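Work through the following exercises with the sequence and the model open. Each task is followed by a solution in steps.

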Amino acid sequence: MLRTDSAAETREIGARLGRALLSASAAQPIVIALNGDLGAGKTTLIGGLLQALGYQGTVKSPTYTLIETYELAGREFCHLDLYRLNDASELETLGFHDLLQAGTIVLIEWAERVAPVLSAADLSLRIEYVETSDTARAFLFRAGSELGQELAHSVLSSR
Ligand code: ADP
Ligand code: MG
């Protein structure tokens, strides 16, 4: 578990995760699931991640387009937001399984809305509001693979 007290600290967790992802093997796709209520900080974390790897623009939730792709540091990053997805069949319309290529890193907001996505996740992060303050958030990590465990370890241990 990790706790942040500001959006900037959440962006820093994203940056740490981004650096860990770049050091991870590109021999397989990597899927990161982000869950948590509206405004919890899923997009903020992904923005911190992508910008730490050199993206200069603003990162927004692809709520309507569902997917946004970024080419950074020689890797492809796909940012998905499944909030508007009605069922798992729409996931295939989106070409979800075609995204899962070696070297691709898939970052998914609202992954829990579609069970097959959650089961594909190497690492799931749940972001929760903490009652003590408007700007406090708790981060719960759950690894779905050995790679996910390594990623969680490096995010939790780096400062
Ligand atoms: P989500 O994608 O989960 O719906 P966003 O990242 O778009 O959420 O929005 C989070 C909002 O909460 C932003 O306006 C951000 O500035 C604010 N915020 C306040 N405290 C935090 C924190 N500790 N971590 C992340 N965001 C925070
Ligand atoms: Mg969002």
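**Exercise 1.** Find the residue that stands opposite L140 in β7.

Solution. R126 stands opposite L140. R126 is also the bridge partner, in β6, of N35. Next, place the strands (DSSP runs of E, at least two residues, numbered from the N terminus; helices are runs of H or I, at least four residues). Strand β6 (residues 123–129) runs parallel to β2 (residues 30–35), joined by 4 bridges. β6 and β7 (residues 137–143) run antiparallel, with 7 bridges. Two strands pair if DSSP finds at least two bridges between them.

The model is predicted: local features need pLDDT of at least 70, side-chain atom pairs count only at pLDDT 80 or more, and totals for chains, interfaces and linings use all residues. Residues are numbered from 1 along each chain as its sequence is written, chains are lettered from A and ligands numbered from 1 in the order in which they are written, and side-chain values use heavy atoms, with hydrogens and water left out.

**Exercise 2.** Which residue forms a salt bridge with R126?

Solution. The partner is E112, with the closest N and O atoms 2.4 Å apart. A salt bridge is a side-chain nitrogen of Lys or Arg within 4 Å of a carboxyl oxygen of Asp or Glu. E112 lies in the loop between β5 (104–109) and α5 (115–120) and R126 in strand β6, so the pair ties together parts 14 residues apart in sequence.

**Exercise 3.** Which residues coordinate the magnesium ion (ligand 2)?

Solution. The donors are T43 (OG1), S61 (OG) and E109 (OE), at 2.1 to 2.2 Å. Donors are N, O and S atoms within 2.8 Å of the metal (3.2 Å for Na, K and Ca); water is not among the atoms, so sites may look incomplete.
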